[in-house]
Amino acid sequence: MKPLRVALLGCGTVGSEVVRLLHEQAADLTARVGAPLELAGVAVRRIDRARAHVTPDLLTTDAMSLVTREDVDIVVEVIGGIEPARSLLLAAMKSGKSVVTANKALLAEDGETIFGAAREYGADLYYEASVAGAIPLLRPLRESLVGDHVKRVIGIVNGTTNYILDQMDAHGASFIDALEEAQSLGYAEADPTADVEGFDAAAKAAILAQLAFHTPVTAADVHREGITEVTAADVAGAKAMDSVVKLLAICERVPDPDGGNGGRGVSVRVYPAMIPRSHPLASVREAYNAVFVEAESAGSLMFYGAGAGGAPTASAVLGDLVAVARNRVGGTRGPVEVTYAELPVLPMGETVTRYYIQLDVADRSGVLAQVAELFARHDVSIQAVQQDGRGEDAQLVIVTHRAPDAALAATVEELRRLDIVREVASVMRVEADDA
């Protein structure tokens with residue numbers, strides 16, 4: 001068969017691994033695809049840097065010319081960011097190329113434009129590597145579960161934050177110490193903002209929600225909270241409840257009160273939350289990722305593995321590359337994203353959640369009654385309450401039933417103003433629990 005020629009955009013950590021795999025597995029890839037995969041060119045910002053497995057004649061700084069060349073069949077994009085990636089991918093699809101991308105930021109910000117171009121030009125668009133590294137997660141949502149009714153997707157999709165929280169739980173490390181260790185091991189960037197403030201997880205949540213619920217969702221639609229405010233008191237409170245703190249990405253279809261199958265809308269959010277140690281997500285350690293998908297007919301499915309890194313991400317890119325190459329050999333194309341549902345993304349205040357609240361209170365009679373009256377005034381039901389200590393160590397620990405998040409947040413703000421409350425020591429949402 002005539003070779004299929006591949007243009008690679010970017011040759012950093014992931015791109016260099018893609019090149020290595022193309023060379024080392026050339027014979028196997030040819031057998032799996034039905035035609036050889038041949039590197040046509042590699043677009044980079046600096047052409048004077050030596051790169052393994054790439055001869056100088058393949059390097060170019062003119063990415064647009066590369067993606068529109070007539071002899072290129074497939075474009076693989078691993079440069080990240082919004083521009084020039086968006087313009088390059090749109091030009092590639094318009095020129096009849098198949099596209100593989102790992103660009104979560106672009107798909108989360110402007111996925112509708114990219115998906116629309118794939119539909120308009122009849123182009124293959126695969127992007128497994130954009131969420132959870134090597135874990136095969138998007139393909140099951142796009143294909144295996146496309147005949148089912150997905151109700152909820154919940155998981156750990158950022159390895160850096162999971163490593164930090166795991167160190168805080170297992171070894172009593174502070175946030176700063178755990179972050180510095182993550183940086184020394186290469187799990188966290190020198191500027192960790194995208195990870196620890198939840199931006200990375202929010203982009204992935206937007207992509208997951210688009211696929212799961214067939215509705216447009218952008219990163220701006222995702223309620224986002226990072227882990228920088230997670231304290232030793234939060235971690236200790238979770239341990240006391242036989243729970244652990246994880247940064248969760250949660251995408252769920254909110255049921256229609258009238259019983260409609262489409263739902264009232266979708267809730268998409270990222271925040272640290274307590275989950276019971278009995279839940280499988282609680283056992284996800286260090287920099288690993290795991291995602292639960294709950295579907296009407298299939299039930300609960302769990303996907304687990306390495307969520308980042310050059311080799312794992314390159315594995316997902318190669319999987320997509322083989323898929324689009326097979327389609328070109330067979331004269332077919334893969335699934336096309338449609339957002340026919342057009343469900344609204346509900347504001348966080350309307351999302352039903354649970355809270356764990358730890359209060360340092362005055363040691364005098366009537367404290368519990370005053371606190372309970374405040375909760376009742378906001379129509380928030382208390383599931384459990386524990387009163388500990390005496391004098392300066394007097395504490396109330398409260399776990400609520402599910403209530404609108406706005407009501408819970410308003411309750412906490414009013415608690416802070418009560419003269420009997422010396423300090424609101426810990427506030428944490430509770431998830432992965434049907435109580």
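A word on ground rules. Residues are numbered from 1 along each chain as its sequence is written, and side-chain values use heavy atoms, with hydrogens and water left out. As this is a predicted model, local features need pLDDT of at least 70 and side-chain atom pairs count only at pLDDT 80 or more, while totals for chains, interfaces and linings use all residues.

Helices first. Helices here are DSSP runs of H or I with at least four residues, strands are runs of E with at least two, and both are numbered from the N terminus. Take helix 5, residues 104–121, and helix 10, residues 199–213. They pack at about 30 degrees, and their axes are 7 Å apart. So helix 5 is roughly parallel to helix 10. Axes are lines fitted to C-alpha atoms, for helices over the stretch in contact, and angles run from 0 to 180 degrees between N-to-C directions. Under 35 degrees counts as roughly parallel, over 145 as roughly antiparallel, 65 to 115 as roughly perpendicular, and the rest as oblique.

Who touches whom? On the helix 5 side, look at Lys104, Leu107, Ala108, Gly111 and Phe115. Contact means heavy atoms within 4.5 Å. By class, this contact has six nonpolar, two polar and three charged residues. Nonpolar covers Ala, Val, Leu, Ile, Met, Phe, Trp, Tyr, Cys and Pro; charged covers Asp, Glu, Lys and Arg; the others, Gly among them, are polar.

Second pair. Helix 2, residues 26–33, packs on helix 12, residues 310–330, at about 45 degrees, with axes 9 Å apart. That makes helix 2 oblique to helix 12. Helix 2 brings Leu29, Arg32 and Val33; helix 12 brings Leu318, Val322, Ala325, Arg326 and Val329. The classes here are six nonpolar, no polar and two charged.

Now the cavity. A cavity is a set of points, on a 1 Å grid over the protein atoms alone, where a 1.4 Å probe fits but cannot get out; lining residues have an atom within 4 Å of a point. Grid points are joined across faces, edges and corners, and volume is the space filled by probe spheres set on the points. The count is one cavity of 30 Å³ or more. The largest cavity has a volume of about 40 Å³. Phe115 lines it, along with Ala118, Ala123, Leu125, Arg142, Arg333, Pro335, Val336 and Glu337. That lining is six nonpolar, no polar and three charged.

Next, two residues. Ala273 sits in strand 10, residues 265–276. Its relative accessibility is 0%, so Ala273 counts as buried. Buried means under 20% relative accessible area, exposed over 50%, partly exposed in between, with a 1.4 Å probe and protein chains only. Leaving out residues up to four places away in sequence, Ala273 touches Val244, Val245, Lys246, Leu248, Met428, Arg429 and Glu431. Ile227 is also buried, at 0%. It lies in the loop between strand 8 and helix 11. Ile227 and Ala273 are 46 residues apart in sequence, and 9.7 Å apart C-alpha to C-alpha.

Last, the backbone. Glu83 and Pro84 are joined by a cis peptide bond, omega about 10 degrees. His214 has a positive phi, near 50 degrees, and is buried at 16%. Glu286 has a positive phi of about 50 degrees, and is partly exposed at 38%.

Terms used. 1 Å grid on protein atoms, 1.4 Å probe; cavity = no way out; pocket = protein on both sides within 12 Å on 5 of 7 lines; lining within 4 Å.
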